[in-house]
Amino acid sequence: MRQKVVQKTMAYITRGSSLLVFRHVDHPDAGIQVPGGSLEPGESPLSGALREALEETGLTALEPVAYLCRRRLRFHHGPNGRAEWHYVYLLCNE
């Protein structure tokens, strides 16, 4: 049976020469990370990256710089076995 490919996005955000990272309060074992998550149906990778960044950091003054790339990955846990990740570069103006 063919598995559904889950669409995900990840935002790399810089402020000056710093890459902004965080520790997820609800998932401390996840370690240091950048904002990201699943795309909603019909949502573009850029819109999803901006939404995830706002939800996970509270930052509102974000400017899209570039769509970096996409990568399809297989994983062995959860109900779906494949994900397509979209990587987006955002600039923080706060």
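## Salt bridges, strands and cores

The structure holds six salt bridges. The model is a predicted one. Why would such bridges form at all? Side chains of opposite charge can pair when their charged atoms come close. Let us start with these pairs, then move to the strands and the cores.

Take R51 to begin with. Its side chain meets that of E40 in a salt bridge, at 3.6 Å from N to O. R51 lies in helix α1, while E40 lies in the loop between β5 (36-38) and α1, so this pair ties together parts that are eleven residues apart in sequence. Is R51 buried or exposed? R51 is buried, because its relative accessible area is 17%, and the cut-off for buried is under 20%. E40 is partly exposed, with a relative accessible area of 43%.

R51 has another partner. It forms a salt bridge with E43. Here the closest N and O atoms are 2.9 Å apart. Both R51 and E43 are buried. These residues belong to a wider set. A network of salt bridges links E40, E43, R51, E52 and E55.

Now look at another pair, E84 and R70. Their side chains meet in a salt bridge, at 2.6 Å from N to O. This pair links distant parts of the chain. E84 sits in strand β7 and R70 in strand β6 (residues 62-74), 14 residues apart. How do the two ends compare with the cut-offs? E84 has a relative accessible area of 7%, so E84 is buried. R70 has a relative accessible area of 54%, so R70 is exposed, since exposed means over 50%.

How many of the eleven residues of β7 are buried? Nine of them are, so β7 is mostly covered. Which strands pair with β7? One of them is β6, which pairs with β7 in the antiparallel sense over eleven bridges. In this pairing, Y67 stands opposite V88 in β7. Another is β1, and here the sense is parallel, over ten bridges. K8 stands opposite W85 in β7. T14 stands opposite L91 in β7.

Stay with β1, and look at its other pairings. β1 and β5 pair in the antiparallel sense over three bridges. T9 has G37 as its bridge partner in β5. β1 is also joined to strand β2 (residues 18-19) by two bridges, and these strands run antiparallel. In β2, the bridge partner of T14 is L19. So T14 has L19 as its bridge partner in β2 and stands opposite L91 in β7. The hairpin of β1 and β2 has two residues between the strands. In this hairpin, G16 takes a positive phi near 65°.

Next come the nonpolar cores. Which residues make up the largest one? It has nine residues in all: A11, I13, A49, A53, L59, L62, V88, L90 and C92. The elements that give two or more residues to this core are β1 (5-15), α1 (45-57) and β7 (82-92). β7 gives the most, with three residues. Recall V88: this core residue is the one that Y67 stands opposite.

What does A53 touch, leaving aside residues up to four places away in sequence? The list is I13, P35, G58, L59, L62 and L90. Among these contacts, I13, L59, L62 and L90 are also part of the largest core. A second, separate core has five residues. M10, V34, A83 and Y87 are included in it.

One last point concerns the cysteines. How many disulfides does the structure hold? It holds zero. C92 is buried, with a relative accessible area of 6%, and C92 is part of the largest nonpolar core. C69 is partly exposed, with a relative accessible area of 37%.

Methods. Residues are numbered from 1 along each chain as its sequence is written. This is a predicted model: local features need pLDDT of at least 70, side-chain atom pairs count only at pLDDT 80 or more; totals for chains, interfaces and linings use all residues. Side-chain values use heavy atoms; hydrogens and water are left out. A nonpolar core is a set of buried Ala, Val, Leu, Ile, Met, Phe, Trp, Tyr and Cys residues joined through side-chain atoms within 4.5 Å. Buried means under 20% relative accessible area, exposed over 50%, partly exposed in between (1.4 Å probe, protein chains only). Helices (H or I, at least four residues) and strands (E, at least two) are DSSP runs, numbered from the N terminus. Contact means heavy atoms within 4.5 Å. A salt bridge is a side-chain nitrogen of Lys or Arg within 4 Å of a carboxyl oxygen of Asp or Glu. A disulfide is a pair of cysteine sulfur atoms within 2.5 Å.
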